[in-house]
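Please open the model in your viewer and follow the stops below in order.

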Amino acid sequence: MKKRYFLALFPLFLAAATVIYAQSGEYVPYVTNIGVEARNNLIRLTWIDSPDAQGPVYIFRSVRPFSGSIPANIRPVIVRYGEQFYIDDTDGMENIYYFIAASDISGQRFDIILPRVNNTSIMLAQTNEDNQMPVFIMPQTGLAPTEVTDGIYNLWAAQDGDRVVITFQIIGQHGNPILYRSTQPIRQPQDLLNAVIVQSGVRSPFIDFPVPGFTWYYSVIFEDEIAAGNMGIIPGINSTATPIMISGDQSIERPIRPMPLPILSFRDVNPDSLFITEIPGQQSLSMQAINLLRNSQMPQKAPLVLKWPRAFAIDLEAPTGGEESALIQIVTEHFVKFEWETALVSLQRYLSSPRSREIEMRSRFYLGQSLYYTGNYRAALMEFLSFRSIDPAEANSWIEAILAAMVY
């Protein structure tokens, strides 16, 4: 009987001992600062890895609280040391309990359950009858679902490899939601002046491919609120409070086959075989205009010469179906005819839906050119900075042209 008491009390003794060691700075074989955040049907767990147990961490999930020991029928999810976050799908569950166990490099796991340290829980609210989407109690405001007014809530941006997954929730009936992205925090309406529009009519979830090496913030605002000038920006609600950064050496998880080179310049196309024509040359000035310029005291400035548009050879062929057909139609009906405004709108609408990685980059190559020819140099620069990982030489030639136009 005494032996049984010893076995039952041993985990409690070990937990108490490790806390004492942690206070003295000697030994901490468990994760700390566990956090939980709910967005739509996803839950994001965060923690700080143990400095002494540097093996993988084990995440246990249960519908009942963890106490004393871990039920034998629960299989953990294993996360590498150093990641310090995990995204879980709730599967329609309402009350969820999590326990994160650390382990050392030899594989020994430390099943030390410490409430509010490496053990947490979350309660999800019932489904909202108006939009059939789960509504969560938001810790930033302390509002229950019945107290939440119409608007955008639970905006969340999470890194997923070389992309950013953006989710949010719309409560009530509103107009067109617009997604903004900025290198600076978006806390008030004036901050939108430094932001760029990523997508109009955005829907959750949305996949974004920002330029690596920069910190990014996001915000979703309704178009009618912008027009009325009454934007209510609340970090953590409809604007992200923490930055997202994609490292410059981030490896691409999805394989990409080589681009269908060569790239054709419109000047190299035979007008007898295709309907593509040259951009009209500059019209000569009259002698009267030349004399006025000579007699004027204003310093003469050479006219800005824009770079010639470029297109992939594969996108000048007849469409064969699939997701490429819509892109080829935009290129052949608008882009090669120099209808830049129409091409820009069509490409933005085309990219509003998820596309394969190759189609995505080809589309953004045309989007960057359309932005360049419509005078949106800053947005065009961001597109070609992103394209550098695919074709550095081609991207650098466009970046030089854009920078020259920006300082003209």
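Two strands are said to pair if DSSP finds at least two bridges between them. The model shown here is predicted.

Begin by selecting residues 163-171, strand β10, together with β13: three bridges join these antiparallel strands.

Now move to helices α5 (residues 340-350) and α6 (residues 357-373). Their axes come within 9 Å and cross at roughly 150 degrees, and the crossing is left-handed. Residues making the contact include W340 and L344 of α5, and Y366 and L367 of α6. By type, the contact residues comprise 10 nonpolar, three polar and no charged.

Where does the largest nonpolar core draw the most residues from? Of its 33 residues, L327, V331, F365, Y366 and Y372 touch the most other members. Elements that each supply at least two residues include β17 (310-312), α4 (323-335) and α8 (392-406). Helix α6 gives the most, with eight residues.

Select F365 next. Beyond its neighbours within four places in sequence, F365 is in contact with R310, F312, F384, F387, E394 and W398.

Finally, select I43, W47, V79 and I112, which are among the 20 residues of a second, separate core.

Note on methods. Residues are numbered from 1 along each chain as its sequence is written. This is a predicted model: local features need pLDDT of at least 70, side-chain atom pairs count only at pLDDT 80 or more; totals for chains, interfaces and linings use all residues. Side-chain values use heavy atoms; hydrogens and water are left out. Axes are lines fitted to C-alpha atoms, for helices over the stretch in contact, and angles run from 0 to 180 degrees between N-to-C directions. Helices (H or I, at least four residues) and strands (E, at least two) are DSSP runs, numbered from the N terminus. A crossing is left-handed if the near helix is turned anticlockwise from the far one by less than a right angle, and right-handed if clockwise. Contact means heavy atoms within 4.5 Å. Ala, Val, Leu, Ile, Met, Phe, Trp, Tyr, Cys and Pro count as nonpolar, Asp, Glu, Lys and Arg as charged, and the others, Gly among them, as polar. A nonpolar core is a set of buried Ala, Val, Leu, Ile, Met, Phe, Trp, Tyr and Cys residues joined through side-chain atoms within 4.5 Å. Buried means under 20% relative accessible area, exposed over 50%, partly exposed in between (1.4 Å probe, protein chains only).
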